[in-house]
Amino acid sequence: MANSPREWTDGSTVRLDRQDPYLRLQSVTIYVRDLEQSLSFYLDQLGFQLVFDARIQPNRRFVTVAPPDGTANLTLVVPDPGSEQAKLIGRPIPVTFVTEDVIAKYREWTNRGVRFQFAPRLKRLKYEVHVRTPQSADPQASSAEHSPIWGGVFTRFKDLDGNSFSLVSFDEVTHAVEAQRRALAERLEFERRAVQELEIAKQVQARLFPQTLPPLKTLEYAGLCIQARKVGGDYYDFLDLGQERLGFVIGDISGKGIAAALLMANLQASVRSQCAIALDQLQRLMCSVNQLFCDNTPDGAFATFFFAEYDDRSGRLRYANCGHLPALLLRSDKTVERLEATATVLGIFKDWDCEIGECQLHCGDTLALYTDGITESYSSADEQFGEERLIEALQRHCGSSSQAALSSVVEEVQRFSPHEQHDDITLIIAKHCGDDAGSRSQLSFFEGTQPAEGRPGRPA
């Protein structure tokens with residue numbers, strides 16, 4: 001065979017390539033006198049499922065039924081009176097149904113009015129069976145089990161038209177069904193544990209996002225991360241650096257899911273462990289974070305990263321943009337400044353350095369940090385939300401609090417891209433509002449938090 005098969009939900013198998021085309025038994029034709037009565041027999045008395053029911057001609061109906069666990073179907077046909085097919089009604093049908101327990105089916109169907117020709121009988125004989133060796137690299141390789149004892153129970157039953165079928169069970173089938181049950185139970189347990197562990201990972205990661213907002217006199221701010229999956233690789237943080245200074249952090253880890261979440265936690269730990277040196281040596285902080293990220297992550301992993309240190313006394317903002325999208329600084333006069341990259345991404349180069357940018361925030365200015373989950377959200381027409389729409393949205397909500405503006409912008413992105421979210425959406429908005437900004441920032445933070453959607457929860 002070309003490669004190992006993959007099992008479908010109906011028990012059949014399909015291979016990954018077309019060298020060995022998929023093939024299975026589709027249906028066996030059963031001739032009946034009354035289609036409605038026969039359909040009721042197979043569905044109600046035997047417990048079969050209706051697979052297909054359609055008219056292929058004005059006076060001809062096409063009906064197919066199947067046993068609950070089978071891949072082959074029975075097609076019920078009413079032949080023309082006097083035809084050769086009509087003579088086949090009421091004869092033994094060379095169709096055998098196999099079950100793991102003939103006795104149980106015999107009792108069940110007898111209670112439903114199914115006619116059996118005789119009670120189930122036991123048959124045993126010796127035979128030689130060849131089975132394919134599972135570990136063999138040669139798909140044609142086989143091994144022989146000499147003279148095993150074959151055990152089986154069999155009987156025959158009739159439908160309403162007298163068509164008779166065999167019903168059998170084999171020891172091998174019973175053992176195989178039990179093995180499949182065990183495998184299914186193990187798979188379901190594995191999936192249950194995976195879901196449980198993913199939920200725990202989600203809760204743990206939620207605690208990595210800011211749980212409190214360090215108060216500032218001149219700036220009120222808010223942040224939000226909505227993950228596309230249970231966990232993700234976007235990261236944002238607010239760091240109290242002391243001496244009335246605050247660190248704004250946003251990052252985007254390469255990849256998605258659990259792997260990205262682990263790298264995100266690694267990056268957060270690196271930043272928080274080193275942030276004490278940000279006050280006087282921001283460049284050294286960035287180099288140290290990059291070194292730790294390189295040392296603790298596999299080859300090929302990287303992160304875009306933006307770190308800004310805000311001085312609440314002077315309104316000065318120093319920043320390092322490591323390959324991240326440019327932060328947007330909307331001035332009170334409606335002009336826009338982009339805080340472009342000052343270094344390459346983290347995690348790829350150990351011999352790495354960055355420059356430090358600087359700007360001044362004034363009353364009425366708005367700073368927005370975001371990931372590509374905002375600007376690269378696609379509409380139904382395959383159009384990106386883009387930076388211009390983000391700027392327009394920020395300008396529309398410039399009179400609102402940071403928390404209200406953040407919620408409104410994210411809602412606009414979600415309306416623009418109503419289909420399934422494919423990337424994490426992360427946004428920070430900070431507004432310079434004068435000396436009483438701190439109390440407004442804390443109030444809007446607590447009023448707007450929604451832990452279930454990835455927002456930080458209320459501190460205990």
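Q: Phe 306 and Tyr 319: buried or exposed?
A: Both Phe 306 and Tyr 319 are buried. Keep in mind that this is a predicted model.

Q: How many aromatic pairs does the structure hold?
A: The structure holds 19 aromatic pairs. Tyr 42 and Phe 48 form one of them, a tilted pair with 6.0 Å centre to centre and 40° between the planes.

Q: Is Tyr 42 buried or exposed, and what about Phe 48?
A: Tyr 42 has 1% relative accessibility, so it counts as buried. Phe 48 is at 6% and therefore counts as buried too.

Q: And what kind of pair do Phe 306 and Tyr 319 form?
A: A stacked one, with 5.6 Å centre to centre and 5° between the planes.

Q: Where do those two sit in the chain?
A: Phe 306 is in strand β17 (residues 303-311) and Tyr 319 is in strand β18 (residues 316-322). They are 13 residues apart, and the pair links distant parts of the chain.

Q: Back to Tyr 42 and Phe 48. Which cluster do ring pairs link them into?
A: The cluster consists of Phe 41, Tyr 42, Phe 48, Phe 97, Tyr 106, Trp 109, Phe 116, Phe 157 and Phe 165.

Q: Switching to helices. How do α7 and α8 pack?
A: Helix α7 (residues 386-396) packs against helix α8 (residues 402-416) at an angle of about 140°, and their axes are 10 Å apart.

Q: Why call them oblique to each other?
A: Roughly antiparallel is kept for angles over 145°. At about 140°, α7 and α8 are therefore oblique to each other. Their crossing is right-handed.

Q: Which residues make the contact?
A: From α7, Arg 389, Leu 390, Ala 393, Leu 394 and Arg 396; from α8, Val 409, Glu 412 and Phe 416. By class, the contact has 5 nonpolar and 3 charged residues, with no polar ones.

Q: What is Thr 375 in contact with, beyond its sequence neighbours?
A: Leaving aside neighbours within four places in sequence, Thr 375 is in contact with Leu 325, Tyr 370, Gln 384, Phe 385, Gly 386, Glu 387 and Leu 390. Thr 375 is in helix α6, and at 9% relative accessibility it counts as buried.

Q: Last topic, backbone. What is phi of Asp 382?
A: Near 65°, a positive value in a residue other than glycine. Asp 382 is in the loop between α6 (372-375) and α7, and at 60% relative accessibility it counts as exposed.

Q: And Lys 334? What is its phi, and where is it?
A: Phi of Lys 334 is near 80°, again positive in a residue other than glycine. Lys 334 lies in the loop between β19 (327-330) and β20 (336-339).

Conventions. Residues are numbered from 1 along each chain as its sequence is written. This is a predicted model: local features need pLDDT of at least 70, side-chain atom pairs count only at pLDDT 80 or more; totals for chains, interfaces and linings use all residues. Side-chain values use heavy atoms; hydrogens and water are left out. Axes are lines fitted to C-alpha atoms, for helices over the stretch in contact, and angles run from 0 to 180 degrees between N-to-C directions. Helices (H or I, at least four residues) and strands (E, at least two) are DSSP runs, numbered from the N terminus. Angles under 35 degrees count as roughly parallel, over 145 as roughly antiparallel, 65 to 115 as roughly perpendicular and the rest as oblique. A crossing is left-handed if the near helix is turned anticlockwise from the far one by less than a right angle, and right-handed if clockwise. Contact means heavy atoms within 4.5 Å. Ala, Val, Leu, Ile, Met, Phe, Trp, Tyr, Cys and Pro count as nonpolar, Asp, Glu, Lys and Arg as charged, and the others, Gly among them, as polar. Buried means under 20% relative accessible area, exposed over 50%, partly exposed in between (1.4 Å probe, protein chains only). Rings of Phe, Tyr and Trp (its six-membered ring) pair if their centres lie within 6.5 Å; planes under 30 degrees apart count as stacked, over 60 as edge-to-face and the rest as tilted.
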